[in-house]
Amino acid sequence: MNTKELTFSNVMLKDVKANQEVNSFIQAANDYLGAIGYTEHGYRHVSMVSSMAESILSTLGYPKRLQELAAIAGYIHDIGNVINRQDHGQSAGLMALHLLRKIGFTADEVALIVSAVGNHEEEIGEPVNSVAAALMIADKSDVHKTRVRNINMISADIHDRVNYAVDRSFLQIDKDKKNISLNLNIDTKIAQVIEYFEIFMSRMTMCRVAARFLNCKFELIINERKLL
């Protein structure tokens, strides 16, 4: 992508974070997911994804503005859950289309962000640009015990159990080796490693495709053993 051909604004992530509509949607979406038993998708998650998406492009040497747009995409990627969990990525993209224009982003910036947001679900997502690829990897890498809302559900719900078993999650990007590694520590007293693959294999496949778009390899390391 030749960023010199695109028109950019001076609007930053801090301006998006200061927008009351955006924050209302993030809060409401997280509340609605909680009502149907899903893991945390609130400020902790979106802030983490925002930071990781920016870090991926920063470490790999992408232009500063694309780093910022990746951070913004990460912050708003889940607002579509306020409508419905089903197809929430596409809903979020449509919602973001109007919100971002109101905040002051250019059409070129909005196009990059909404395409990333609309493609972050593993069922239908494709790394259509570097912002989208970074968002995919960042979002699918956020597995951690702090996302579990009710520890009493871990025996009955495999998603809660696997998340609760992960007490360390770290995404490492090596620019020289062109390698992106997700390092997890899973407490096997809580969940077995095979359970991680039962629910997250499609997400790891998405990460491999996204990393390839960024000219990198994707690795999964669990309990110090390379599994992908």
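Among contacts in the protein chain between residues at least 6 apart in sequence, what percentage join residues at least 24 apart? I looked this up at the outset and noted 66%. I also record that the model is predicted.

**Entry 1: the chain as a whole**

I listed the secondary structure of the protein chain and found nine helices and four strands. Reading from the N terminus, I wrote the order as α-α-α-α-α-α-α-α-β-β-α-β-β. I then turned to the dimensions. The C-alpha atoms fill a box of roughly 50 × 45 × 25 Å along the principal axes. The radius of gyration of the protein chain is 17 Å, which agrees with a compact globule, because such a globule of 228 residues would have a value near 17 Å.

**Entry 2: surface and charge**

I noted an accessible surface of about 10,600 Å² for the protein chain, with 50% of it belonging to carbon and sulfur atoms. Of the 228 residues, 54% are buried. I also looked up the charges: there are 25 positive and 27 negative ones, and their mean positions lie 5 Å apart.

**Entry 3: the nonpolar core**

I next examined the largest nonpolar core, which has 71 residues. Ile 56, Phe 105, Ile 180 and Tyr 196 have the most contacts inside this core. Helix α9, residues 193-213, gives the most to the core, namely nine residues. As background, I recall that nonpolar side chains tend to be buried together in soluble globular proteins.

Setting aside neighbours within four places in sequence, I found Phe 105 in contact with Ser 9, Val 11, Val 16, Arg 65, Leu 69, Ile 72, Leu 100, Val 110 and Ile 113.

**Entry 4: helix α8**

Is helix α8, residues 158-165, mostly covered or mostly uncovered? I found that helix α8 is mostly covered, with six of its eight residues buried. The buried residues are Ile 158, Asp 160, Arg 161, Val 162, Asn 163 and Ala 165. They pack against β1, β2 (179-186) and α9.

Note on methods
Residues numbered from 1 in each chain as written. Predicted model: local features only at pLDDT ≥ 70, side-chain atom pairs only at ≥ 80, totals over all residues. Heavy atoms only, no water. Helix = DSSP H or I, 4+ residues; strand = E, 2+ residues; numbered from the N terminus. Rg over C-alpha atoms; globule rule 2.2 N^0.38 Å. Buried < 20%, exposed > 50% of the residue type's maximum accessible area, 1.4 Å probe, protein only. Contact = heavy atoms within 4.5 Å. Areas by Shrake-Rupley, 256 points an atom, 1.4 Å probe, with all protein chains shown as cover. Lys, Arg positive; Asp, Glu negative; His and termini not counted. Charge placed at Lys NZ, Arg CZ, Asp CG, Glu CD. Core = buried A, V, L, I, M, F, W, Y, C linked by side-chain atoms within 4.5 Å.
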